[in-house]
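Subject: Structure handover

Hello,

Here is the structure I promised to pass on. Please open it first, then read my notes below.

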Amino acid sequence: MIYYPLSTLMLAGIRDILLISTPDDAPQFVKLLGDGSQFGIQLSYAVQEKPAGLAQAFLIGEDFLAGESCAMILGDNLFYGGWFRRNLQEAIINASEGCATVFGYYVKDPERFGIMELDHDKNVLSVEEKPAHPKSNYCITGLYVYDGRVSEFAKQLKPSSRNELEITDLNRLYLEDGTLRAQVLGRGFAWMDMGTVDSLMEAAVFVETVQNRQGVVISAPEEIAYHEKWIGREELLVAAARYGNSPYGEHLRRVSEDRFLV
């Protein structure tokens with residue numbers, strides 16, 4: 001599942017990535033992904049000792065960020081749809097201009113999510129965390145792009161009633177600063193939060209359906225790296241051999257023949 005968020009960051013052109021996980025899980029990710037060189041990227045790792053909120057990531061990763069703009073994606077989020085690369089690139093440009101970007105998606109049960117209220121021009125009017133009476137149906141997905149001030153903003157946060165540093169409170173600081181932007185992922189786009197068993201199964205069925213119908217792989221970091229010229233054909237074939245005769249290995253071999261475009 002970690003390949004989905006990894007691929008999303010790579011589509012945004014991001015090659016220097018910090019993976020933050022629990023003390024138990026972080027070593028497993030190191031074993032699985034290593035330093036990221038097989039994908040043409042640089043992976044670093046950090047530990048969140050206890051669940052103290054998403055915004056804590058910008059305190060844990062402050063030295064890694066070194067005052068640069070960044071993107072954060074949650075490990076259980078899947079994004080799929082046309083023009084997504086363009087959405088990501090616009091958000092990166094916003095960050096370079098001193099703004100933050102959140103990605104909105106229309107849901108039927110907004111009380112389960114962080115919600116943003118938008119005007120007719122898709123400007124953000126308010127953000128709320130799991131409101132009892134939502135002002136809109138646009139949830140804030142688990143993908144965020146911030147400018148270089150994000151760690152300093154995170155230091156201003158106070159723990160919530162859950163004793164966590166809430167990402168919604170961080171977004172509210174950008175809103176109050178007048179620098180919060182929204183990208184609305186509309187019809188023809190799929191976003192899935194795979195944080196429950198049921199939602200994980202729904203995502204699995206979705207991925208299986210698309211891949212069986214098209215004969216492609218939704219998330220293949222090696223494929224992205226190859227098309228971005230971060231790795232060459234020989235490195236791609238080494239990766240394919242690593243997966244043997246599995247469907248994923250066969251897909252990478254077809255990619256090496258330039259039969260697919262990202």
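Start with Lys130. Lys130 is partly exposed, because its relative accessible area is 45%. The cut-offs are these: buried is under 20% relative accessible area, exposed is over 50%, and partly exposed is in between, with a 1.4 Å probe and protein chains only. Lys130 sits in the loop between strand S7 (124-129) and strand S8 (138-146). Its phi is positive, near 45°, and Lys130 is not a glycine. Most residues other than glycine have a negative phi.

Before the rest, some ground rules. This is a predicted model, where local features need pLDDT of at least 70 and side-chain atom pairs count only at pLDDT 80 or more, while totals for chains, interfaces and linings use all residues. Residues are numbered from 1 along each chain as its sequence is written, and side-chain values use heavy atoms, with hydrogens and water left out.

Two other positive phi values

Ala66 also has a positive phi, about 50°, without being a glycine. Look for Ala66 in the loop between helix H4 (62-65) and strand S3 (70-73). Ala66 is exposed, as its relative accessible area is 55%. Gly178 follows helix H7 and has a positive phi near 80°.

The chain as a whole

The protein chain has 11 helices and 10 strands. Helices (H or I, at least four residues) and strands (E, at least two) are DSSP runs, numbered from the N terminus. How does the radius of gyration compare with that of a compact globule? With 262 residues, a compact globule would come near 18 Å; the chain has 19 Å, which agrees. That radius is taken over C-alpha atoms, and the globule rule is 2.2 Å times the number of residues to the power 0.38. Along the principal axes, the C-alpha atoms fill a box of roughly 50 × 40 × 35 Å.

Of the 262 residues, 47% count as buried. Take the contacts with a separation of 6 or more: residues 24 or more positions apart account for 70% of them. Contact means heavy atoms within 4.5 Å. The accessible surface comes to about 13800 Å², and carbon and sulfur atoms hold 50% of it. That area comes from the Shrake-Rupley method with a 1.4 Å probe.

Charges next. There are 24 positive and 37 negative side chains, and the centres of the two sets lie 4 Å apart. Lys and Arg count as positive, Asp and Glu as negative; His and the chain ends are not counted. Each charge is placed at NZ of Lys, CZ of Arg, CG of Asp or CD of Glu.

Ser219 lies in the loop between helix H8 (197-214) and helix H9 (221-227). Ser219 counts as buried because its relative accessibility is 7%. Which side chain does the side chain of Ser219 meet in a polar contact? It is that of Ser7, at 2.7 Å. A polar contact is a pair of N or O atoms within 3.5 Å; within protein, one must be able to donate a hydrogen and the other to accept it, and residues adjacent in sequence count only if both atoms are side-chain atoms.

Leaving aside neighbours within four places in sequence, Ser219 is in contact with Tyr3, Tyr4, Ser7 and Tyr248. Tyr3 belongs to helix H1 (residues 3-11). Tyr3 is buried, at 18% relative accessible area. Beyond four places in sequence, its contacts include Leu33, Phe39, Pro221 and Tyr243. Tyr3 and Ala220 are 217 residues apart along the chain, yet their C-alpha atoms are separated by 7.0 Å.

Trp191

Trp191 is in strand S10 (residues 190-193). Trp191 is buried, with a relative accessible area of 9%. Its side chain makes a polar contact with that of Asn77 (2.7 Å). Tyr105 is 86 residues away along the chain, with 7.3 Å between the two C-alpha atoms.

In helix H7 (residues 167-177), the buried residues include Ile167, Thr168, Leu170 and Tyr174. Thr168 has 4% relative accessibility. Past four places in sequence, Thr168 is in contact with Val127, Glu128 and Glu129.

Lys158 lies in the loop between helix H6 (150-155) and H7. Lys158 is exposed, at 66%. Lys158 and Ser7 are 32 Å apart, C-alpha to C-alpha.

Best wishes
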